[in-house]
Amino acid sequence: MNYHYILFDADDTLFDYPLAESQALSRTLASEGIDCTDEVMEAYQAINGQLWREFEQGAIALASLRTERFARLIARLELSVRSDAEQISERYLRQLGEGVYLLEGAYNLCRDLVESGVRLAIITNGIKEVQMNRIGKSPLADMFDAIIVSEDTGYQKPHPGIFDYAFAKLGLTDKSRALIVGDSLTSDMKGGIDYGIDTCWYNPHHRPNTLGLQPTYEIRSLEEVKGLIGGSGESR
């Protein structure tokens, strides 16, 4: 298949989100005099993961998610903090926006795709201020035709509205020429499948597919994406 556009997810696909998250949380809690122990990190990740799943389902607004995860963390672990959850959230987001860590192979892949004429975009559910800061400070900053953030569209993956927005912004009309690459079955793969575009599940940790979804491709390393292109894309 000759894909003209690759729509990349950002976190855990091109960017090392767990590393950025752990450093941001550690620094934020340190400012409250709290050590980010394994117990604290595990509790935060469980709470945060649940809230993001609720966000994908439209059960919570992004503005509420930002603060609610810290309110729940403080309550669950009975943490003694000087600041309220909103203040802690804002401090955390500033730290998270500084976490520019690419996954292995991400830069080389994007560079090679661009040089071969394939056009790239990012489509993410992440918080806009964080994503724009991290992407803008990364070596990938100038490689994308567009960075599509759910906050700007009014929809989040897997809702087809975010894909409608992306296709309109990129001037895409032929769904057969687009491929979405991402690590999430529930947002990236389900969204792409429901929208009728080809999907590539980036699954480096061999996670089981328990949802019954059938991505077009499944890969273990980002390098494998180049083998799916089948020739050069449109001229840039």
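Which side chain does the side chain of threonine 124 join in a polar contact of 2.8 Å? I looked it up in this model, which is predicted, and found that the partner is the side chain of glutamine 131.

**Entry on threonine 124.** I noted that threonine 124 lies in strand β2, which covers residues 119-124. I counted threonine 124 as buried because its relative accessibility is 2%, and buried here means under 20%. Its side chain also reaches the backbone nitrogen of glycine 126, at 2.9 Å. When I left aside the neighbours within four places in sequence, I found threonine 124 in contact with Asp9, Ala10, Gln131, Ile148, Val149, Ser150, Lys157 and Ile162.

**Entry on helix α2.** I then turned to α2, which runs over residues 38-56 and has 19 residues; from its first C-alpha to its last it reaches 27 Å, close to the 27 Å expected. I listed its buried residues as Val40, Met41, Ala43, Tyr44, Ile47, Asn48, Leu51, Trp52, Glu54 and Phe55. They lie on the same side of α2 because they cover an arc of only 160° around the axis. I reminded myself that an α-helix has 3.6 residues a turn, so residues three or four places apart point the same way.

On the face of α2 turned away from the buried side, I found the exposed residues Asp38, Glu39 and Glu42. I also checked what covers the buried residues of α2, and this includes α1 (17-30), α3 (62-77), α4 (85-96) and α7 (150-153). Last, I wrote down that α2 is followed by glycine 58, whose phi is positive, near 80°.

Key
Residues numbered from 1 in each chain as written. Predicted model: local features only at pLDDT ≥ 70, side-chain atom pairs only at ≥ 80, totals over all residues. Heavy atoms only, no water. Helix = DSSP H or I, 4+ residues; strand = E, 2+ residues; numbered from the N terminus. Expected span 1.5 Å × (residues − 1). Buried < 20%, exposed > 50% of the residue type's maximum accessible area, 1.4 Å probe, protein only. Arc of directions from axis to C-beta. Contact = heavy atoms within 4.5 Å. Polar contact = N/O pair within 3.5 Å; in protein donor to acceptor, adjacent residues only side chain to side chain.
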